[in-house]
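This report describes how the side chains of one protein chain pack and pair. Please keep the sequence and the model in view while reading.

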Amino acid sequence: MAKDGMYGDTLLRAMTGLHRWGIRLTGGLLGWRIGSMETIELHTTGRRTGQRRSALLTAPIHDDDGRYVVVASRGGSDRHPAWYLNLVADPNVELTTRHWTRAYRARTATPEEKAELWPTVAAAYPGYEHYRKRTTRDIPLVICEPADAAAPADA
């Protein structure tokens, strides 16, 4: 079972800060890819504050329809990442890539979708499989679809 705590939170914040700093320092030349995965910045609305929140994430799946799949792993933590809780409360998000920022609608993959997508996710970064085994929490996959192509919330 994974352990959570201040040390883990501090480490995650430090790693994200260094990643952001690297993108700024290089004028965006570095940091928008990690291995085979594209890096995105996910912008959510804070579920308690209503303020804009941002998280840098890797997208192990990105297809020609503009769909991105991200993993709410939080490094195998027993807690969901804040960004995931925010998009569950309000699925209207924005994604920023190296070239653009666009409106998206995010949703948790169904169990069937997750079963289909997980092998590709784990192949892109084997650490995701380690995270899955490290926690008792079901790690959600989040499917982000362009807002103009996503189904309405009440559909």
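Tyr-131 is buried in this predicted model, its relative accessible area being 18%, where buried stands for under 20% relative accessible area, exposed for over 50% and partly exposed for what lies in between, with a 1.4 Å probe and protein chains only. Residues are numbered from 1 along each chain as its sequence is written, and side-chain values use heavy atoms, without hydrogens and water. Because the model is predicted, local features need pLDDT of at least 70 and side-chain atom pairs count only at pLDDT 80 or more, whereas totals for chains, interfaces and linings use all residues.

**Helix H4 and its tyrosines**

Tyr-131 belongs to the buried residues of helix H4 (residues 127-134), which are Gly-127, Tyr-128, Glu-129 and Tyr-131; helices (H or I, at least four residues) and strands (E, at least two) are DSSP runs numbered from the N terminus. These buried residues of H4 pack against S2, S3, S5 and helix H3 (111-124), and contact here means heavy atoms within 4.5 Å.

Ser-73, in the loop between S5 and H2, is buried at 6% relative accessibility. Setting aside neighbours within four places in sequence, Ser-73 is in contact with Tyr-128, Tyr-131, Arg-137 and Ile-139.

The structure holds seven aromatic pairs, a pair being rings of Phe, Tyr and Trp (its six-membered ring) with centres within 6.5 Å, counted as stacked with planes under 30 degrees apart, as edge-to-face over 60 and as tilted for the rest. Tyr-125 and Tyr-128 form an edge-to-face pair, at 5.1 Å centre to centre and 85° between the planes. Tyr-125 also pairs with Tyr-131, and this pair is tilted because the ring centres are 6.2 Å apart and the planes stand at 55°.

Elsewhere, ring pairs link Tyr-68, Trp-100 and Tyr-104 into a cluster. The ring of Trp-100 also has the charged end of Arg-102 over it, 4.2 Å from the ring centre, and the charged end of Lys-114 sits over the ring of Trp-118, 5.6 Å from its centre; the criterion is NZ of Lys or CZ of Arg within 6 Å of the ring centre and within 35 degrees of the ring normal.

**The nonpolar cores**

Which residues touch the most other members of the largest nonpolar core? Tyr-68, Trp-83, Leu-87, Leu-95 and Val-142 do so, in a core of 18 residues; a nonpolar core is a set of buried Ala, Val, Leu, Ile, Met, Phe, Trp, Tyr and Cys residues joined through side-chain atoms within 4.5 Å. Two or more residues of this core come from each of strand S2 (37-45), strand S3 (52-59), strand S5 (68-71), helix H2 (82-89), strand S6 (92-96), strand S7 (101-108) and strand S8 (141-146). Apart from this core lies another, of 14 residues, among them Met-37, Val-69, Val-71 and Tyr-128.

Leaving out neighbours within four places in sequence, Trp-83 is in contact with Leu-42, Thr-44, Ala-55, Leu-57, Val-70, Val-71, Ala-72 and Val-142.

**Salt bridges**

The structure holds six salt bridges, each a side-chain nitrogen of Lys or Arg within 4 Å of a carboxyl oxygen of Asp or Glu. Those described here are listed below.

| Glu-94 | Arg-52 | 2.9 Å |

Salt bridges that share partners join Arg-107, Glu-113 and Glu-145 into one network. Arg-107 is partly exposed at 30% relative accessibility, as are Glu-113 at 23% and Glu-145 at 22%.

The salt bridge between Glu-94 and Arg-52 also links distant parts of the chain, with Glu-94 in strand S6 and Arg-52 in strand S3, 42 residues apart. Glu-94 is partly exposed, at 28% relative accessibility.

**The chain as a whole**

The chain has four helices and eight strands, and from the N terminus on its elements run α-β-β-β-β-β-α-β-β-α-α-β. Buried residues make up 44% of the 155 residues. Of the contacts with a separation of 6 or more, 64% are between residues 24 or more positions apart.
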